Amino acid sequence: MNIAIIGAGTMGSGIAQVAATADCKVKLYDTKPEALQESEQALTKILNRLIEKERIDQEEKNRIQSNIAYIESLKDLADADLTIEAIVENLDIKQKVFQELETYQSDEAIIASNTSSLSIASIASCLQKPERCIGIHFFNPAPLMPLVEIIPAVQTSEEVFQKVFSTIQNWKKVPVKAKDTPGFIVNRVARPFYGEALRIYEESYAGLPEGETGFATIDWVMKQIGGFRMGPFQLMDFIGNDVNYTVTETVFKAFYYDPRYKPSFTQKRHAEAGYLGRKSGRGFYNYAEDAKKVSPIKDAVMGEKIFNRILVMLINEAADALFLNIATAKDIDLAMTKGVNYPKGLLAWANEKGIDWCVDQMDELYELYREDRYRCSPLLRQMKANSETFQNL
Ligand code: NAI
């Protein structure tokens, strides 16, 4: 299968590596020659490291490298069966590239976008044949994260969806089908991991102190009690407060200002101050070499309260995604374990904690705050009334 990748940045380079490893012929195109050069050099480094770790041998490295051609003209992508675009997150620019590409390619060629926040329907609408367009959303780093969200637009043909789904399976990835709605599955369901942690911090909930000790305590709770690999503040510092804040704001606006997705002033102020996270040397934490190490408050009662509140908000979000047919129960759980390394699927977690417990926790929060943010998903409420649990996970 001939694959074309447009954009040789973080995502495009990773996707090219995945396709080339699965023995597809890949053409990687970028408007900036230096981006192509950097991508080629980065791949050599990655493959050398894999040789050092004895994951691949020299022959495999040569095979992967020879499968990728670095291309400086869009016209040269004419023979691609599947094109995946991973350029700047801007609808106008994406549409211009797609319109030009369509004039070079055959009618059967599939044109996909790796967009995180634009609607696939809006991208597809610029094409003569919008039924050939689909979302294929990888996670960073693409060669390591198994999950790929496949997002058919309202215009996408079933045949295109099926072809893409089986291609991604052949690439040894875990494809899940998601509805074309803001954040798809992962970037929607994961919002409370950041948003509720920030809210808890702002409230000094359960006696949390301000400053780094507060952040460190929430992070400690989520890792120690929850089994998450990283705490919310560590993760926001890793992603970048500017990037994470923008995603939150985009999702908030896209959901017509549903208070559940409301961005946080704490994060906005950190981004405004230039406290972007690891990349700027300071975020919620100070990464300077001589910075004082902060210790969390390891209080079991406080920890339990914080953990339960973040967990139930995540479960509620996952249940609502199922309620609104964003994806199947199985795919919602796979998305969170294979896309962002959650220790358990959230719906399986709901079963474990008990549906009654989830509803009671949500109602307790709603009772206290009287905010729409804390409304319990109707699905959980129905399930409680019928003594049901989540099935087919
Ligand atoms: P990036 O900034 O690392 O790379 C973008 C590349 O596209 C650059 O090399 C740039 O020169 C090139 N480019 C820009 N305009 C172009 C054009 N008209 N034609 C050809 N090449 C062009 O960006 P990144 O992070 O790889 O993101 C790309 C896309 O993937 C975005 O739509 C983003 O929303 C999405 N995405 C990003 C993730 C991430 O964690 N970085 C995760 C999943 C999706």
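Which helix gives the most to the shell around the ligand? Helix 4 does, with 3 residues. The tour below starts at that site in a predicted model, in which local features need pLDDT of at least 70, side-chain atom pairs count only at pLDDT 80 or more, and totals for chains, interfaces and linings use all residues. Residues are numbered from 1 along each chain as its sequence is written, and side-chain values use heavy atoms, with hydrogens and water left out.

**Stop 1: the ligand**

The selection holds 24 residues, and the closest are Thr-10, Met-11, Asp-30, Glu-89 and Lys-94. By class, the shell divides into 11 nonpolar, 9 polar and 4 charged residues. Here Ala, Val, Leu, Ile, Met, Phe, Trp, Tyr, Cys and Pro count as nonpolar, Asp, Glu, Lys and Arg as charged, and the others, Gly among them, as polar.

Next, colour helix 1 (10–21), helix 4 (91–104) and strand 6 (133–138), each of which supplies at least two residues of this shell. Helices (H or I, at least four residues) and strands (E, at least two) are DSSP runs, numbered from the N terminus.

Then display the polar contacts, which are pairs of N or O atoms within 3.5 Å; within protein, one must be able to donate a hydrogen and the other to accept it, and residues adjacent in sequence count only if both atoms are side-chain atoms. An N or O atom in the side chain of Lys-94 is 2.8 Å from an oxygen atom of the ligand. At Thr-10, a backbone N or O atom lies 3.0 Å from a ligand oxygen atom. A nitrogen atom of the ligand lies 3.3 Å from a polar side-chain atom of Ser-116. On its own the ligand has 830 Å² of accessible area, of which the protein covers 74% (Shrake-Rupley method, 1.4 Å probe; for residues, only the protein chains shown count as cover).

**Stop 2: His-137**

Stay on strand 6 and select His-137, which lies in it. Is His-137 buried or exposed? His-137 counts as buried because its relative accessibility is 3%, where buried means under 20%, exposed over 50% and partly exposed in between (1.4 Å probe, protein chains only).

**Stop 3**

Select Gly-14, Gln-17, Ile-46, Pro-143 and Leu-144, which lie nearest the centre of the second largest pocket among its 37 lining residues. A pocket is an open set of points on a 1 Å grid over the protein atoms alone, with protein on both sides within 12 Å along at least five of seven lines; a cavity is a set where a 1.4 Å probe fits but cannot get out, and lining residues have an atom within 4 Å of a point. The volume of this pocket is about 890 Å³, taken as the space filled by probe spheres set on the points, with points joined across faces, edges and corners. Helix 2 gives the most to the lining, with 10 residues.

**Stop 3**

**Stop 4: Ser-264**

Finally, select Ser-264, in the loop between helix 11 (241–254) and helix 12 (265–272). Ser-264 is buried, at 9% relative accessible area. A polar atom of its side chain lies 3.0 Å from the backbone nitrogen of Thr-266, and the backbone nitrogen of Gln-267 lies 3.2 Å from a polar atom of the Ser-264 side chain.

Technical notes
A residue is near a molecule or strand if one of its heavy atoms lies within 4 Å of it.
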